[in-house]
Amino acid sequence: MSKKTTIELRTSPHAHAGEDVVVIMRNVVYALLPICAFTVWQFGISALALLVVVTLTCLLSERLFNALSGKSSSLGDWSATITGLLLAMTLPPGFPLWMGAVAAFVGVALGKAMFGGLGMNAMNPALIGRAFVQAAFPVAITTWTPAFFDGRFSQFIPTTLTPPFLQPPGITDWVSEVTVDAFSGATPLALQKFEGVVTDHMDMLLGTTAGSAGETSALLILAGGLYLAARRMLDWRIPVLVLVGAAVTAGIFYMIDPVKYPDPLFVVLSGGLMLGAWFMASDMVGSPVTPLGVVIYALMIGVITVIIRLFGGLTEGVMYAILLGNAATPLIDQITQPRVFGEQRAGK
Amino acid sequence: MGLFNLLFGQKGFTHGIHPPYHKDTADKPIRRLPFPPQLVLPLDQHIGKPAIPLVVKGQEVVRGEPIAKADGNFSVPLHAPATGRVAGIELMPTPKGPKTSAILIDVYEGSTQEVLWEQPRDMSELSPQEIIQAIQDSGMVGLGGAAFPSHMKLAIPDDKQVDTLIVNGCECEPYLTCDHRIMLEHPKALLRGIRYAMRATGTEKAIIGIEDNKMDAVELLKGHLSKGSPVEVKAVETKYPQGSEKMLIKSALDREVPTGGLPADVGVVVNNVGTLAGLGDLLPKGRGLIERVITVAGPGIAKPGNYLVPLGTPIRHILDHVGYEGARTEFILGGPMMGPAVSALDTPITKGTSGLLVLNEPSIEEESHKIWPCIRCARCVSACPMHLNPSMLGQLAAKRKYEEMAEDYHLTDCFECGCCSYVCPSNIPLVQYFRIAKAINREQAA
């Protein structure tokens with residue numbers, strides 16, 4: 001053997017599965033990219049600008065808080081990128097860019113940095129950001145734009161370029177200019193809730209309806225989610241059980257009064273439920289680690305979403321349902337500690 | 001319940017991991033290595049009290065002769081692995097870490113591989129107690145790695161009743177194939193050893209549990225059994241840590257050893273195939289344990305294989321013979337999941353050493369070693385065969401809440417298989433934390 005050998009000393013195990021945080025996070029970004037691309041195709045340069053501004057603001061905020069806390073840059077773990085993309089997707093495509101930046105900053109600051117960064121945050125940072133602007137800018141966040149309007153690649157939606165600290169202009173006139181059909185300015189959820197009009201399920205599956213930037217195509221969300229689930233980077237039980245919880249709850253009300261309440265499939269395909277279930281409820285940091293805890297958490301989110309939608313003042317309940325689920329996670333984990341191998345519990 | 005269990009209707013343990021197995025040496029027959037110039041025989045190469053030396057510096061010993069006696073019941077004797085002269089009793093490095101007292105033997109050049117000291121006996125006339133005594137005299141310990149004195153394991157306490165002997169042929173650690181080769185090459189000695197162990201323990205049934213990546217061994221052993229034999233061969237799922245006692249008992253018999261309990265609490269006693277094959281060979285001849293089979297493997301080795309080496313052979317001597325070139329390397333005794341890395345090439349092969357792995361630079365550097373915060377991905381939770389919550393335990397360990405770990409999160413049930421650290425995408429040294437926590441709790445209690 002060679003004369004000089006440096007002996008490495010490490011404690012066992014000396015093998016590792018190889019997948020680290022960066023690989024997982026990067027793959028989540030991959031899974032989100034098709035949805036982003038579809039959004040841009042659907043809503044044009046306004047959606048692109050929103051994605052870029054929100055994501056960049058998230059990255060800059062993350063870096064700022066790294067610097068303030070004296071830590072090295074954590075941009076390399078991709079988690080701030082995910083927060084940015086997800087947050088942009090939950091906003092209306094014509095959302096004023098400066099408000100998007102506020103949402104991004106608040107999401108990273110209050111939702112993540114304050115708790116100590118990646119892994120320490122109690123709730124999903126993207127949703128914290130969205131909840132903030134939902135309260136701060138109630139009009140802007142419910143101003144919807146028709147999908148596939150003419151000239152979407154050459155002109156911005158008028159609200160997009162609202163100067164900072166100003167409220168966006170009304171867009172009713174603009175909407176009637178760019179669309180042939182009459183656009184009521186409502187999402188499928190609002191149409192159903194306030195006017196009793198049920199949008200065609202196929203349109204919602206494909207994503208040709210109005211809605212938040214990245215929420216409209218159930219199909220692409222599903223594809224991205226399944227990709228992550230297949231690579232074991234996402235716990236498939238969470239999205240599936242969120243959807244089951246929502247569908248069953250909606251189904252009960254639908255059976256009671258099919259005229260007043262929407263059908264379960266509509267509930268599952270509309271609004272942010274798909275995106276929320278696959279990419280936000282399943283966020284590892286905010287969901288329980290115990291097998292039973294995961295079930296309770298996911299069903300809870302599904303049920304609460306539908307209850308808010310049907311009986312709350314808002315049309316959409318996914319965001320608050322997930323934030324509530326996040327908040328309950330430590331407690332759920334605590335009370336659902338798995339039975340240890342060989343453990344004798346009372347009554348067994 | 002895994003897919004495997006559903007498909008094949010087997011009751012196995014749940015969780016666990018599937019690391020790359022690297023069983024490339026499975027087709028390498030057991031070969032002898034020449035004697036090294038000097039043997040290093042630590043007096044405490046087993047669990048329990050160190051042996052008491054019977055020899056003094058300068059004394060001549062012949063191959064097979066006892067050179068240290070057991071110190072009471074929880075101890076085993078040592079025998080001279082080669083003919084030579086005692087060079088002294090000195091502090092030497094061991095796989096366990098700290099230096100301990102060891103008998104050094106300068107081996108005579110041209111020393112014969114024949115065993116020169118033995119006391120043949122008629123096994124058929126021995127009572128269970130006499131078999132237990134014969135096992136202790138042979139110096140046999142668990143060869144799977146634990147090095148727990150075999151006679152202690154096979155002496156069932158009066159208040160316990162065992163009905164089944166489980167023979168552990170899982171060899172679930174990656175790289176290692178020595179047990180596999182022993183099953184293929186010494187099936188008769190193994191079955192003989194199983195009969196002795198059944199007589200010693202009074203069990204009426206024996207199950208040889210073998211992972212299903214070794215179906216040749218399963219078939220071969222089945223071929224050696226007559227119809228109506230009390231010995232059964234059972235293929236179990238290839239999954240780490242199938243070879244841990246509690247997991248194998250679950251897989252073979254669907255019994256769960258209670259928290260803090262022993263296999264005997266569920267009527268089982270478990271022995272490794274190498275241990276029993278060793279007993280089948282040594283007991284009738286009245287010999288002591290002086291050599292063992294180890295797997296020498298890893299990307300850094302020129303001639304990987306299974307080698308029968310005398311106990312006390314320094315790692316350096318083995319590396320010289322199997323050919324090793326490398327500049328930065330980890331040397332591991334045993335498997336990569338649980339084996340310790342050694343700091344000195346003078347460290348000898350002891351009774352509990354099942355392999356010598358050389359993981360050279362590339363395979364170490366493949367992984368990034370940056371530690372990220374826990375992202376609560378729960379991979380450790382779904383990997384832990386004991387169904388613990390390593391994520392929570394890790395967070396408590398980081399805050400040094402060691403007592404809470406033991407009281408509320410079953411730290412003491414952790415047997416340190418390393419699955420949690422293996423899967424952790426944040427590279428958090430979970431099992432390493434748990435070892436520290438356990439050690440500190442032990443110190444506090446003492």
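Chain A of this predicted model has a secondary structure of 14 helices and one strand. Its radius of gyration is 22 Å, close to the 20 Å from the globule rule for 348 residues, so chain A is as compact as a globular protein of that length. The C-alpha trace of chain A spans about 80 × 55 × 35 Å along its principal axes. Of the 348 residues in chain A, 52% are buried. Among contacts in chain A between residues at least 6 apart in sequence, 74% join residues at least 24 apart.

**Pro168(A)**

Pro168(A) sits in the loop between helix 5 (125-136) and helix 6 (172-178) of chain A. Pro168(A) counts as buried because it has 21 C-beta neighbours inside 10 Å, and 20 or more are required for that class. With neighbours within four places in sequence left aside, Pro168(A) contacts Pro96(A), Ala140(A), Thr143(A), Thr159(A) and Thr162(A). Pro158(A) is 10 residues from Pro168(A) in sequence, and the C-alpha to C-alpha separation of the two is 8.0 Å.

Six strands form an open sheet with mixed pairing, in the order 1(A)-15(B)-16(B)-13(B)-14(B)-1(B). Its edge strands are strand 1 (6-8) of chain A and strand 1 (30-32) of chain B, each of which pairs on one side only. From one strand to the next, the twist averages 35 degrees.

Strand 1 of chain A pairs with strand 15 (residues 328-333) of chain B in the parallel sense, over three bridges. Within this pairing, Ile7(A) stands opposite Thr329(B). Helix 4 (residues 178-185) of chain B lies across strand 1, strand 13 (291-297), strand 14 (305-310) and strand 16 (355-360) of chain B. The helix runs at about 125 degrees to strand 13 of chain B.

**Domains of chain B**

The domain assignment of chain B gives the following bounds.

| Domain of chain B | Residues |
|---|---|
| Domain 1 | residues 3-27 + 126-285 |
| Domain 2 | residues 37-108 + 291-364 |
| Domain 3 | residues 379-445 |

The C-alpha centres of domain 1 and domain 3 of chain B lie 28 Å apart. Their contact takes 11 residues from domain 1 of chain B and 12 residues from domain 3 of chain B. On the side of domain 1 of chain B that touches domain 3 of chain B, six residues are nonpolar, five are polar and none is charged.

Definitions and conventions. Residues numbered from 1 in each chain as written. Chains lettered and ligands numbered in written order. Predicted model: local features only at pLDDT ≥ 70, side-chain atom pairs only at ≥ 80, totals over all residues. Helix = DSSP H or I, 4+ residues; strand = E, 2+ residues; numbered from the N terminus. Buried ≥ 20, exposed ≤ 12 C-beta atoms within 10 Å, placed from the backbone. Contact = placed C-beta atoms within 7 Å. Pairing = 2+ DSSP bridges. Axes fitted to C-alpha atoms, helices over the stretch in contact; angles between N-to-C directions. Domains from an automatic or database assignment. Nonpolar A, V, L, I, M, F, W, Y, C, P; charged D, E, K, R; others polar. Rg over C-alpha atoms; globule rule 2.2 N^0.38 Å.
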